[in-house]
Every structure is written in C-alpha cells, then in structure tokens.
Amino acid sequence: MGWWQVNADTLAGGRFVLSPLAEVIAGLKVLERGSAAHPGERAWLDTHRPAYLARQSADPVTGQLIRAALGPTWNADFLTPTPDPDGSRPVASFEQEVARIRETPPDVARADLLVSLGIKGPLPAPLRRDDLPQRTADTLEWVWRETVLPYWSRRRRIIEADVVARTAQLSRGGWAAALDDMRPGMRWLGGNRLQINTRNLPPRELSGVRLMFVPVTPRTGWVSWEASLELPQGGCARPPVRVRPRYAVVYPCSGALADAEGTPVPEALEVLLGRARAMVLVLLDSPKSTSQLVALTGQGLGSVGRHLRVLHDARLVRRRRAGRSVLYYRTAAGDCLLQAQS
C-alpha cells in the first residue's frame, strides 16, 4: 500500500487549503471520464461536456495531451502543482495558480507525461513539442471560465462548509477521525502512518514539510508534492528564500454537501413549514453548522438563523458545540415529523 510516515509536528501543522485550480482540475477529470457521482453532477456534466468534447475534437493535439496528463494511475505532475503555502493568501487566485502550469519548462512537462503514461520510450509524436504547458493552461482556463466560474460562489461555500465539518471531526476525534473517510483508500494506520491509497508504492517520510488538505466538490482526488525550492527575492544582493517541501491531499467534499441540490423535500412538509425551512430540517439528518446550511441551501445567514430558531423552539432540532462551531441536528420529534411526511 502507499503510505506516508507523518511525524507529530507535521500533522499538528497540517492545514486545510482552498484551491480554485484544484477545483478546475477535478472538473476536468469529470469532463474527461463522462460519468457523474450524483444527480447534481450529472446536470452539470450534461450542460458542459458537449462543448468540452467539441473543443477537444477541434484540437486533437490538446485532446491527446489532456488524456496523457490524466494517466491511468498517475497525473502528470506539472498538471497538478501543490498549492502555494503562503499564509498571507489563504486562497490563491485561479490566475496565480494556473500561471505556474504555463511557466513549466517544456522538458519537465514531457518527462512528466512519460510517467503519467507509464512508458519508458519516447512520447507519441504529436506530444514531442514545446507548447505543452501553454496548451494545458489554455484548457484549464477554458474549464474555469466556462464550467466552474459560473458556480464558484456556491462551490466555495460548500468547500468551506466541508472544512468546518472536518475541523469539528478533528476536535472530537483527532486526526484519525478527520482523515479516515477523507478519500477512498485513505486511513490513519497508527504509528505515525497515513495510508494514502491501496497501491503498492514505497513509503515516504514527511518530516519538516508543509502538509495540506484540499477539498474539491467533484468526486475525485489525488496527492501531490513538491521538493524544497529556492525562490528569488528580487535584486542580485538578496539571497534566495528556501521554501519547505510541501505535500497536499486533494479530496472530495462529503456527498451530502456536494449533492445538496438533489436532496428531496416531502411536499407535505413543504406545505407545513415552507420550502426553505423544510429544507433546513431535511438537511439536519447529520449535525451541521449554520455556515454549512448556508452553503447547502443557498439561503442567507439571517434566513438560516431564523429557521433554526423556529425549529429549535419547536423542539425539532437541538444544538451542541464542537470546538468553535455550533452544530444543529434533528431530534426524535424532528425525525418523526419527517418520516410521517415521507
């Protein structure tokens, strides 16, 4: 199995990071494979995949390039750069992130494609060229502009809601609880060992590195890492700054969050409570914070707060504190009401 040896200091310094580029790459994977994980993703795919396929068909070189970069068992490293750990920018812009791909040296991109394709010999003739990074960046910019940006405000709320949920898990059960269901094949093994996947890969020791967890809304994920770098500060007299190695686990948001649009609300319950309030009650089958409910319903913070107050006063929901968050959940009475209307 593939696992990382993660010491206590590295794990204690682990952080959740939002990455628009990771969201775009995850969307690219869905567009390429053509299969959806839930009804909401199916609607998105049906809307945007025809235009994506038409674009790739009109440019066979780029089509072959993307298929090669999304290899059968490994992504080309230049396609999935590890997020920048600069603490002064909690969320880098998509433009800042995709620029790193565009600036990849051509020989590095070609070498990465050999790995993602799993071949030792020369690349296929159409891929023996120097504009591979530019073509990749152009494709990602199209995916961002046409298929992700129109939904980014809602997707960002869902991603932030997932971070709240993971943080609550972390406060209740430690990293083991927060990591075990993060992505398929990933679990905490004990003894400082974090299983990343079930493949037969050599272990890696993570000591003195930046460890990041990056949620995305599509049902996909990957890992990436970058070795220690020396970045120039500007000016010949100033020495370069050494950046610690950084590792990232990109993982899908929980299904309940990503597919909130497909959550059915019983018609009778909608008539009784109103659709907005009924939706809040339906979503509280598992504990959720106010910010999560805002992300899931698309309602404003004040509206969600008012619905929660009414439901709490009617003893249909209760609340409890988990770390810095207050989580709401249905009571037995709330469950009974929902079951009676189903």
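Hi everyone, and thanks for coming. Please keep in mind throughout that we are looking at a predicted model.

Let me begin with the chain as a whole. The protein has 342 residues, and 46% of them count as buried. Its secondary structure is made up of 14 helices and 13 strands.

Now to the inside. The largest nonpolar core holds 67 residues, and the members touching the most others are Trp 4, Leu 113, Leu 140 and Phe 213. A separate core of 20 residues lies apart from that one, and it includes Leu 293, Val 304, Leu 308 and Tyr 328.

I'd like to stay with Leu 113 for a moment. What does Leu 113 touch, once neighbours within four places in sequence are set aside? The list is Leu 65, Ala 68, Ala 69, Ala 76, Phe 78, Leu 123, Leu 127 and Leu 132.

Some of those names bring us to helix α4, which spans residues 60-69. This helix is mostly covered, with seven of its ten residues buried. Leu 65, Ala 68 and Ala 69 are among the buried ones, and so are Val 61, Thr 62, Gly 63 and Ile 66. And which elements do the buried residues of α4 pack against? They pack against α2, α3 (39-58), α6 (106-117) and α7 (132-148).

Searching the whole structure turns up two cavities of 30 Å³ or more. The largest cavity has a volume of about 70 Å³. Thirteen residues line it, and those nearest its centre are Ser 19, Ala 22, Pro 81, Pro 83 and Trp 222. Four elements, α2, α5 (94-102), β7 and β10 (246-252), each supply at least two residues of that lining. The biggest contribution, three residues, is from α2. Sorted by class, the cavity lining has eight nonpolar, three polar and two charged residues.

Next, an open space: the second largest pocket, with a volume of about 460 Å³. Its lining has 22 residues, and Lys 29, Thr 73, Arg 199, Gly 221 and Trp 222 lie nearest the centre. Elements giving two or more residues to this lining are α2 (20-33), β4 (193-197) and β7 (222-226). Here too, α2 gives the largest share, three residues. By class, the pocket is lined by seven nonpolar, nine polar and six charged residues.

To finish, a few loop residues. First, some backbone geometry. Most residues other than glycine have a negative phi. Asn 192 is not a glycine, yet its phi is positive, about 65 degrees. You will find Asn 192 in the loop between β3 (187-190) and β4. Is Asn 192 buried or partly exposed? With 34% relative accessibility, Asn 192 counts as partly exposed.

Arg 315 also has a positive phi of about 65 degrees, again without being a glycine. Arg 315 sits in the loop between α13 (301-313) and β12 (317-322). Its relative accessibility is 68%, so Arg 315 counts as exposed.

Then there is Gly 185, in the loop between α8 (152-179) and β3. Gly 185 is partly exposed, at 30% relative accessibility. Leaving out residues up to four places away in sequence, Gly 185 touches Gln 195, Ile 196, Asn 197 and Thr 198. From Gly 185 to Arg 199, which is 14 residues away along the chain, the C-alpha separation is 9.0 Å.

Last one: Ser 93, in the loop between α4 and α5. Ser 93 is partly exposed, with a relative accessible area of 27%. How far apart are Ser 93 and Pro 20 in space? They are 73 residues apart in sequence, and 6.8 Å apart from C-alpha to C-alpha.

That's my tour, so over to you for questions!

Key. Residues are numbered from 1 along each chain as its sequence is written. This is a predicted model: local features need pLDDT of at least 70, side-chain atom pairs count only at pLDDT 80 or more; totals for chains, interfaces and linings use all residues. Side-chain values use heavy atoms; hydrogens and water are left out. On a 1 Å grid over the protein atoms alone, a cavity is a set of points where a 1.4 Å probe fits but cannot get out, and a pocket is an open set with protein on both sides within 12 Å along at least five of seven lines; lining residues have an atom within 4 Å of a point. Grid points are joined across faces, edges and corners, and a volume is the space filled by probe spheres set on the points. Ala, Val, Leu, Ile, Met, Phe, Trp, Tyr, Cys and Pro count as nonpolar, Asp, Glu, Lys and Arg as charged, and the others, Gly among them, as polar. Buried means under 20% relative accessible area, exposed over 50%, partly exposed in between (1.4 Å probe, protein chains only). Contact means heavy atoms within 4.5 Å. A nonpolar core is a set of buried Ala, Val, Leu, Ile, Met, Phe, Trp, Tyr and Cys residues joined through side-chain atoms within 4.5 Å.
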